[in-house]
Amino acid sequence: MKKLIQLFVTIFLISGVILFALNRLNATQGYSGGNVLNIYNWGDYIDPDLIDQFEEESGIKVVYQTFDSNEAMLTKIEQGGTTYDIAVPSDYAIAKMIEEDLVIPIDKSKLPNLKHIDDRFLDLSFDPDNQYSIPYFWGTVGIVYNQKLLDGKKPTSWKDLWDPAFKNQILLADGAREVMGMSLNSLGYSLNETDEDKLQEAKANLMDLTPNVKAIVGDEIKLLLANEEAGIGVVWSGDANEIMSENEELNYVIPSEGSNVWFDNIVIPKTAKNVDGAHEFINFMLRPDIAAKNADYVGYSTPNKDGLKLLDPEVREDKRFYPDKDVTDTLEVYENLGKKMLAHYNELFLEFKMHKK
Amino acid sequence: MKRFKLANLYLIGVFIVLYAPIFYLAFYSFNSADNMTNFDSFTWDWYKEVFQDSRLLIIVLNTLVIALLSAAISTIVGVFGAIGIQAVRKKRIETSLLTLNSILIVSPDVIIGASFLIFFTMLGIQLGFTSVLLSHIAFSVPIVVILVLPKLQEMSPTLVDAARDLGASRLDVLTKVILPYITPGIFAGFFTALTYSLDDFAVTFFVTGNGFTTLSVEIYSLARQGISMKINALSTVIFLFTFLLVIGYYFLNQRSVAKLSRPEVK
Amino acid sequence: MMQKTRNWYLIPYTFWIALFVIAPIVLVVYYSFLDLDGNFSFVNYQNFFTSTYLTMTLSSFWYAFLITLFSLAIGYPTAYLLTKTKHKQLWLLLIILPTWINLLLKAYAFIGLFSTYGLANQTLEAIGIGRKQILFTDFSFVFVSVYIFIPFMILPIFNAIEKLSPSLVFAARDLGASNFTTFRRVVFPLTIDGMKSGCQLVFIPALSLFMITRLIAGNRVITLGTAIEQQFLVTQNWGMGATIAVFLIIAMAIILALTSTKRKKGATT
């Protein structure tokens, strides 16, 4: 009995001390009270130095929280109970947020730096006239391959992945839209296809790919490709860029049949408490020097045309990550196909996953 | 003698496997390159970074305080629950209580997380420290019950009756007979609850907000960019700290037990 | 007189059950009857009885069974041998200690250990077996799952062996029973309850494993847990996710009923 009492008293004492220490720490760090901006972003999707710089210039204290998928973020914001001032969803998620009235319109008069954004990235289908969102980064989905492991064979199209020579060599990203889109594209269909026959054809097509697929993975795909666990990976361009700098054997290609182009934009969720601060932050991120520094750190393609000019020529002239217009014309944005279609895509993808070798 | 050696070999094998990934993590925390595959050269840099990062310190303390408090509170609730279940005479009520009890163990974290999220927002509880603490207590209680119950069942009811006959009050029976008897179960429950809390990602992820983060949520979101060796360094520090704590606690306890020569066990 | 005591002990516990078990279950059952548009329907249940989900359920059970079997096969001797060591409580704590290191980190460590050029393959090469694909196989999945769950198997078995009165073992010995006979006739039957709760603690969570299925098995293994996670977080089809959850809860109730310990008050005598 004495032992039990001792244990519990010690625990509550320690907890009390920790709580007190936390309270002090939060106060000295400025996290409690005062002028605070809550940012909800992907993990490691901003240069941390820029947060410091913004805090210094504006006097606003930034609380940075991260999510790992659009859907998780949506769930959190839908339910309320949080006070995020800034969030960075992708295109289709923005369409959904607008549809469900989860974002507030952006006051462009407070964003003089908006002029630095390339027109190509404004007024897109998911947010006409950019009423609710401002471009942050963009990129494509494509193929990363390892010259050494493939004996000099170079895939250039989605179709090439079905080559029997690539047995057990392919890592796929764990996304229904990505994998189904790949199959649809390889058959010459749009990746926003909703026709049932074509979808079934795409699924059957995927089943044929099974012998070549080593695994269907998440973010660890970068680690696996950099470590030469497999010769081919279907990845987002930003991830490709990152691992190519780690392993020189790797190369990235946008498949010739066309592929997906995606955008991550900044929005102000309707739960925002510090709307002025949010605008100030967006305007700060739009500054060419800041955008360039951020692109340098994150490694994704920046939509900021004046910021782009400040980047290393080697980077900004890299056609794999800043493709020409004739390539971008073959690319498609994921449209919001509606809940039913999305569920159907996921069912088909699930059947593919369950298909044993 | 030969059998004894074989037994030791087996245990050594089990421990090697249990600790292999941890040593692997610790090894690469001294890697000057920021990855877990190619060891470049030896460095202390990651450890320096860990100790300079005040945000990380806050997160670690958050995790710790949630784990300790939730484990302690859920142990108390769970022990009373187990005693209560044991006292139930009707088999049907007992089974249904146990089934309800186990639902949180079987439910995937995502469901627990999502339903708690809906539940908390319905009640109007702000997401943050309170909501995380409540959910950790909630999913730790059943595990305590499951670990304490066998101890209670094994306790002969004559023991309680005898104490009663000798004129012990209800409180006395609880503190002098029942609790000492089930102490090992309580400890097992407490440590398992601690484990569940420290390890939990999915539930915390759903019910946290407003700047409150725990370590596993932070690690999960960092994984997008590949895990930094700073996290390895941090884990190594935490591991060493708990390791020393466990050993220190054990030997201190040993000495006091030796002194009192186990008064609880007749 | 037992009546009153029971009520008093059960107050905080029933409160907890009502708040954190019954309320969420009601929510889950409610959601399982909603289709994508939020209308009442049985469409999710119809969906569940298609070959995709039934196959998934079967394979989930199969893997959970394998994981439990191996955990028991490795965990029982470990627990038994631990009780024979000098500082047994300390060793037990050291079995639990690795579980306090973040699961995701350990999973990443396993990716490193099991990868094509990792430590495991280097060892295999050194002893002449040659490189094998370990990562993304059934073996690695079961291995890592057993690694995660084994402390939860060892703990109750250890407690069960501990509470065995040593006099019983001595008595058996005095009556001339061999080591093996003593174990088979005395130790083993009296620790069955410990094994049962160990199996519950492993089998039930193993049904709903996720994350490991992706990280270690490369989505080659799909469990009910993975499917639920996908439905909730990716498809945002909460209705379907809740339906799978309902079946998981039913499955768990059945398992508990099958393994529930018979009440034999003071049966040791």
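The contact between chains A and C takes 22 residues from chain A and 22 residues from chain C, two residues being in contact if their C-beta atoms, placed from the backbone, lie within 7 Å. On the side of chain A that touches chain C, two or more residues come from each of α3 (70–79), β6 (213–217) and α14 (339–354) of chain A; helices (H or I, at least four residues) and strands (E, at least two) are DSSP runs, numbered from the N terminus. The largest share of this side, 9 residues, belongs to α14(A). The model is predicted: local features need pLDDT of at least 70 and side-chain atom pairs count only at pLDDT 80 or more, whereas totals for chains, interfaces and linings use all residues. Residues are numbered from 1 along each chain as its sequence is written, and chains are lettered from A and ligands numbered from 1 in the order in which they are written.

Chain C contains 13 helices and 0 strands. Its C-alpha trace spans about 70 × 70 × 30 Å along the principal axes. Of the 269 residues in chain C, 47% are buried (20 or more other C-beta atoms within 10 Å of the residue's own, with C-beta atoms placed from the backbone). Among contacts in chain C with a separation of 6 or more, 69% join residues 24 or more positions apart.

The contact between chains C and B takes 71 residues from chain C and 74 residues from chain B. Helices that each supply at least two residues to the chain C side include α1 (2–32), α3 (51–83) and α7 (138–163) of chain C. On this side, α1(C) gives the most, with 16 residues.

How values were computed. Buried ≥ 20, exposed ≤ 12 C-beta atoms within 10 Å, placed from the backbone.
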